[in-house]
2 protein chains.
Amino acid sequence: MLIVQKYGGTSVGDLERIQNVANRVSASKKEGNDIVVVVSAMSGETNKLVGFAEHFSKEPARADMDMLLSSGERVTASLLSIALQEMGHKAVAMTGRKAGIVTDKQHTKARIETIDPSMIQNALNEENIVVIAGFQGVNEHGDVTTLGRGGSDLSAVAIAGALKADLCEIYTDVSGIFTTDPRIEPKAKKLNLISYDEMLELASLGAKVLQNRSVEMAKKLNVNLVTRTSFSNEEGTLITKEENIMEAPLVSGIALDRNQARISLVGVNDRPGMASEIFNTLAKAEVNVDMIIQNEAHDGTTNIDFTVPVNDLHEAKLIVDGFTKTGDIGADTYDENICKVSVVGVGMRSHTGVAAKAFSTMAVENININMISTSEIKVSMVIDEKYAELAVRSLHAAYELDK
Amino acid sequence: MLIVQKYGGTSVGDLERIQNVANRVSASKKEGNDIVVVVSAMSGETNKLVGFAEHFSKEPARADMDMLLSSGERVTASLLSIALQEMGHKAVAMTGRKAGIVTDKQHTKARIETIDPSMIQNALNEENIVVIAGFQGVNEHGDVTTLGRGGSDLSAVAIAGALKADLCEIYTDVSGIFTTDPRIEPKAKKLNLISYDEMLELASLGAKVLQNRSVEMAKKLNVNLVTRTSFSNEEGTLITKEENIMEAPLVSGIALDRNQARISLVGVNDRPGMASEIFNTLAKAEVNVDMIIQNEAHDGTTNIDFTVPVNDLHEAKLIVDGFTKTGDIGADTYDENICKVSVVGVGMRSHTGVAAKAFSTMAVENININMISTSEIKVSMVIDEKYAELAVRSLHAAYELDK
């Protein structure tokens, strides 16, 4: 098999752990696999460099930041290559440039545009283990760029896609994707298999493991993604296309998102295009609106409720207040003490009653549901934040996820 | 003026010192100069990375070492660029690649082959201060290479040459080149001006400041080189071509080299080509032979004395022993307790009696001279190591270098 393995910062956090990674890679190579390894910077290294830059400037030039931050992964990649060679393997270390990763010009949050895997392929053909510095590429001018948060995962998935690898293994300190957050529900079980779409909906469960952009790219490039831990031999979770999952469970997991705030608009002027105007203004300001509920009041005006990430709340308030001042909105209020609980599963497509069970579970626990939104594979409910853990545990039990 | 400034590891050893460098660069820019800055890695950083590599392997692959070690200078260059921009300057950081430095393929000790300064020139034309990661280039395959010891100085000199800069300032923690080692003779004086050739002969005096390869390149490219300290505003020493030095002093300095060993060959077979065979064999083994003295014995054989760096002594012994075993040499002996004292000055060319004064000074002090070698601008004497300091101080006084 051709396997792309990606090791995150904690997995290469010190020299012993880099040796541990070398041992893992070596074992996989000896099983007869072709291996490409993508590495992050040693944990703490990137933060240290960011701290250095911030010592000099609150807003350092982003091209300089890329030259600065891309150095961490180069260190890890060359050290791992050295360790593998010492173990008797042929190995070669490559920068993002050498690996053929070309990005757009957005320094510090570049998007991968193309990958020319020919140098990697040549090195593999010569029996090398190829070790690649993650998180980085070059733009059309040949300047180093970095890919932003989760960038090394993205490097790994993109390379796996370009090489048509059989597997892309993402190694972290977490052993996989769980049915819910084990800190809330200790009975949470690790999933063996999950579809891309479920993973995207369960983002909060995988937040420590995988960024959505990596899952989206894996889906687009049809890369079989495995998240597992580098600290034991425990099997991880395979994220793959739905067709590969023979018998999907009704519900795969319960996600919790505490990072939401609710904005309520009362007495919105009911003229056509009013809602569109409000939400277009929010979109232009890059405020990420999630759930929206609209209902008509009896006085010819409308009430609109919507949620935004807490980080966007300040910006959203400013915009909404503007509409209130001009009289287009009667009044607006905010609530940060909410959370969003989601029940996710591709099995919902073919089964009814999943949403009904969620609502009745909430009712049994006397939890009031403020907002509801559903998709083909998800039921999301906004509730009072104080009920967050209770809701997650009740739903986890109701769908028998601990079985 | 167009000035290339190079700051070594101690000058950029921590964040405060990098800010100090930014202040110096800023001041020079404000005086109306165009500035290109070449930086080393923060002191200790390169050794740390070498230590990391040696944790994994005694002989790490040299291409990997280059990818590893070149990261240190990238960090310093981007941080300095950020600091300069924060001070209101236009600045841009460049890797060796971007600066157009192309080397041969000798990883970890590459030689600069060409420099295409067009990216630097473009950035200067747009009023930028250009900050370049020293010590590194790329080979014809585009792989990162490093230039070995003193590599950042070499980067600076080569860039100054390619840009036809007015000045190349090398900043270290030493304020310049002295008439002799101030630890031996506290009356040693800093030189304002010295020729390339003198500097090359005085290598031991500049050992902490400049590698000979940098001086040689400065001479070849006709670069005016200044060594000075980044820790004060003290003027440094200008190293330039002899024609620029109006009135050269008779003697510029006294150099001491303790790192020499003497090999004495007694009863060397006097057949033609014998000496050539011995020294060719030594040369092939990269033993660096310095002084050679040969004289005929009365029995038809020859005696040959020569010196080698202490580091090469072991290799030299093996080779010489080989000749002794075959009978080509009667006997060989070694002496590590010697040193070489040199009197250097371009003024010797036009003045007689410089060598005679050196010999008589030794005689007055009862110091026996074992070997003598002279060049147009230098008189070197091999003496017993225990007289090293006495010889230096006596010669320093005899040529009135403290005046």
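Reader: Let's start with H5(B). Is that helix largely enclosed or open?
Author: Largely enclosed by the rest of the structure, because 13 of the 13 residues of H5(B) are buried. Keep in mind that this is a predicted model.

Reader: How far apart are its end C-alpha atoms?
Author: In chain B, helix H5 covers residues 151-163, and its end C-alpha atoms are 18 Å apart. At 1.5 Å a residue, its 13 residues should span 18 Å, so the two agree.

Reader: What comes just after H5(B)?
Author: Lys164(B), which takes a positive phi of about 50 degrees. For background, most residues other than glycine have a negative phi.

Reader: Which other residue has a positive phi, near 60 degrees?
Author: Asn366(B), and that residue is not a glycine. You'll find Asn366(B) in the loop between helix H11 (354-364) and strand S19 (369-375) of chain B.

Reader: Buried or exposed, that Asn366(B)?
Author: Exposed, with 8 other C-beta atoms within 10 Å. Glu400(B) also counts as exposed, because it has 10 C-beta neighbours inside 10 Å. Glu400(B) has a positive phi of about 55 degrees although it isn't a glycine, and it lies in the segment after helix H12 (388-398) of chain B.

Reader: New topic. What pLDDT does chain A average?
Author: Chain A averages 93, and 99% of its residues score at least 70. For the complex, the predictor gives an ipTM of 0.82 and a pTM of 0.85.

Reader: OK, what rotation superposes chain A on chain B?
Author: One of 180 degrees, with 0.1 Å of shift along its axis, and the RMSD is 0.1 Å. That is the relation of a two-fold axis.

Reader: Which C-alpha of chain A is nearest the axis?
Author: That of Ser71(A), 2.5 Å from the axis. The same surface serves both copies, too: 100% of the contact residues of chain A recur in chain B.

Reader: How many residues of chain A are in contact with chain B?
Author: 25 residues of chain A, and they are in contact with 26 residues of chain B. The elements of chain A that give two or more residues to this side are helix H2 (45-56) and helix H3 (62-86).

Reader: Which of them gives the most?
Author: H3(A), with 14 residues. By class, the side of chain A that touches chain B has 15 nonpolar, 7 polar and 3 charged residues.

Reader: I've clicked on Arg74(A). Where is that?
Author: In helix H3 of chain A. Arg74(A) counts as buried, because it has 25 C-beta neighbours inside 10 Å.

Reader: What is Arg74(A) in contact with?
Author: Leaving aside its neighbours within four places in sequence, Arg74(A) is in contact with Thr95(A) and Ala133(A), plus Met67(B) and Ser71(B) from chain B. By contrast, Arg74(A) and Thr326(A) are 55 Å apart, C-alpha to C-alpha, and 252 residues apart in sequence.

Reader: Last one, strand S2(A). How many of its residues are buried?
Author: 6 of the 6, so S2(A), residues 34-39, is largely enclosed by the rest of the structure. Asp34(A), Val36(A) and Val38(A) point one way from the strand, while Ile35(A), Val37(A) and Val39(A) point the other way.

Reader: And what joins S1(A) to S2(A)?
Author: 6 bridges, and the two strands run parallel, with S1(A) covering residues 2-7. One example is Gln5(A), whose bridge partner in S2(A) is Val37(A).

Methods
Residues numbered from 1 in each chain as written. Chains lettered and ligands numbered in written order. Predicted model: local features only at pLDDT ≥ 70, side-chain atom pairs only at ≥ 80, totals over all residues. pLDDT = per-residue confidence, 0-100. Least-squares fit on C-alpha atoms with pLDDT ≥ 70 in both. Contact = placed C-beta atoms within 7 Å. Helix = DSSP H or I, 4+ residues; strand = E, 2+ residues; numbered from the N terminus. Expected span 1.5 Å × (residues − 1). Buried ≥ 20, exposed ≤ 12 C-beta atoms within 10 Å, placed from the backbone. Nonpolar A, V, L, I, M, F, W, Y, C, P; charged D, E, K, R; others polar. Pairing = 2+ DSSP bridges.
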